[in-house]
Amino acid sequence: MNNINKIITSASLAICLASAAASAAEDTAAAAQGDAAAGQAKSASCVACHGQNGNSTNPAWPKLAGQHARYIAKELRDLKAGKGRSNALMAPIVAGLDEQDMQDLAAYFATQQMQAGYANEEYVDLGEKLYRSGNFESGFAACMSCHGPSGSGNPLGGIPRLSGQHAEYTVTQLKAFRSGERSNDPYGIMRDVTKRMTDEEIRAVSEYMSGLY
Ligand code: HEC
Ligand code: HEC
């Protein structure tokens, strides 16, 4: 590892550790805007795709359990407005949700426990390298610098949890950012990262994150 990379990595790590410490309190604060019990009652229509307690069993559909409330509410708002993200399966669902429903559902899913995923062994070494150090040659940053050393994201910063998520779903999202089909990332952060990634790198990092804790 060269010096610049080393400096970037240790600076990122310091930020991550600080944000991890603040995470628990912030999650509680974000959840406080919504009513988790009301959200649970409203979540019956989500089970068919997102599974029991938000632990989807279909690898194409995202797990919502343990995802941060602020991020979930933002995605629901964006999906409803068709603002940089749209999906044929989610469209009829979000059409019927108001702001309070979104906050309540977000509060509910954020308090659920995400079931562990697993990583395909074949991709772990490359995936870990990219996750922790990025790719210095093509110039994309370490995922860890924003999504944290264990992939738990940052609740207040709107940075989603990635650990344990289905690799297939993650691959779809990274390719959607790369093509610009999904463009609801603030400042184009994820579009900028993914435009420098190859298909193999996308697959490897997605597999790695699925088994990351
Ligand atoms: C018919 C299947 C289906 C149903 C029912 C459904 N969803 Fe989804 N949901 C999806 C799919 C597919 C995606 C992935 C969309 C994409 O690829 O952009 C998704 C994505 C999401 C996301 C974005 C997750 C992320 O990590 O960015 C949220 C949040 C969400 N759904 C919440 C809900 C809630 C809350 C309900 C119930 C009120 C619900 N969904 C019902 C299929 C469904
Ligand atoms: C500079 C900060 C930053 C870096 C570096 C970064 N991300 Fe992100 N990422 C974000 C933010 C912010 C979002 C939320 C976008 C939104 O609001 O929809 C996000 C969203 C995502 C999502 C969508 C999650 C979901 O549930 O749909 C995936 C997948 C993802 N990032 C993977 C990665 C990977 C892999 C890397 C490294 C190659 C990486 N990110 C590097 C900030 C970052």
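**View 1. Ala73 lies in helix H4.** Helices here are DSSP runs of H or I with at least four residues, strands are runs of E with at least two, and both are numbered from the N terminus. The model is predicted, so local features need pLDDT of at least 70 and side-chain atom pairs count only at pLDDT 80 or more, whereas totals for chains, interfaces and linings use all residues. Residues are numbered from 1 along each chain as its sequence is written, while chains are lettered from A and ligands numbered from 1 in the order in which they are written. Ala73 is buried because 23 other C-beta atoms lie within 10 Å. (Buried means 20 or more other C-beta atoms within 10 Å of the residue's own, exposed means 12 or fewer, and partly exposed is in between; C-beta atoms are placed from the backbone.) Residues up to four places away in sequence aside, Ala73 touches Met102, Gln103 and Ala106. (Two residues are in contact if their C-beta atoms, placed from the backbone, lie within 7 Å.) Glu99 is 26 residues from Ala73 along the chain, and the C-alpha atoms of these two residues are separated by 8.3 Å.

**View 2. The protein has 11 helices and zero strands.** Along the sequence the pattern reads α-α-α-α-α-α-α-α-α-α-α. Of the 213 residues in the protein, 38% are buried. Among contacts with a separation of 6 or more, 73% are between residues 24 or more positions apart.

**View 3. Ligand 1 is surrounded by 20 residues, of which Cys46, Cys49, Glu75, Asn87 and Leu89 are the closest.** Helix H3 (47–50) and helix H4 (69–81) are the elements that give two or more residues to this shell. (A residue belongs to a shell if its C-beta atom, placed from the backbone, lies within 6 Å of the ligand.) By class, the shell around ligand 1 holds 13 nonpolar, five polar and two charged residues. (Ala, Val, Leu, Ile, Met, Phe, Trp, Tyr, Cys and Pro count as nonpolar, Asp, Glu, Lys and Arg as charged, and the others, Gly among them, as polar.)

**View 4. Ligand 2 is surrounded by 23 residues, and the closest are Ala141, Cys143, Cys146, Gln173 and Asp185.** At least two residues of this shell come from each of helix H8 (144–147), H9 and helix H10 (189–194). The shell around ligand 2 consists of 15 nonpolar, six polar and two charged residues.

**View 5. Helix H11 (residues 199–210) is largely enclosed by the rest of the structure, because 10 of its 12 residues are buried.** The buried residues are Glu201, Ile202, Arg203, Ala204, Val205, Ser206, Glu207, Tyr208, Met209 and Ser210. They pack against helix H7 (124–133) and helix H9 (167–179). The end C-alpha atoms of H11 are 17 Å apart, which agrees with the 16 Å that 12 residues should span at 1.5 Å a residue. (The expected span is 1.5 Å times one less than the number of residues.) Apart from neighbours within four places in sequence, Ala204 is in contact with Tyr123, Leu126, Gly127 and Leu130.

**View 6. In H7, the buried residues include Gly127, Leu130 and Tyr131.** These residues lie on the same side of H7, because they cover an arc of only 100 degrees around the axis. (The arc is that of the directions from the helix axis to the C-beta atoms.) The buried residues of H7 pack against H8 and H11. Gly134, with a positive phi near 70 degrees, follows H7.

**View 7. The largest nonpolar core has 17 residues.** Tyr131, Cys143, Ala204, Val205, Tyr208 and Met209 have the most contacts inside this core. H7, H8, H9 and H11 each supply at least two of its residues, and H11 gives the largest share, five residues. A second, separate core has 15 residues, including Ile72, Leu79, Leu105 and Tyr108. (A nonpolar core is a set of buried Ala, Val, Leu, Ile, Met, Phe, Trp, Tyr and Cys residues joined through C-beta atoms within 7 Å.)

**View 8. Asn53 has a positive phi of about 55 degrees although it is not a glycine.** Asn53 sits in the loop between H3 and H4, and it is buried, with 20 other C-beta atoms within 10 Å. Tyr187, also not a glycine, has a positive phi of about 60 degrees. Tyr187 is in the loop between H9 and H10 and counts as exposed, because it has 7 C-beta neighbours inside 10 Å.
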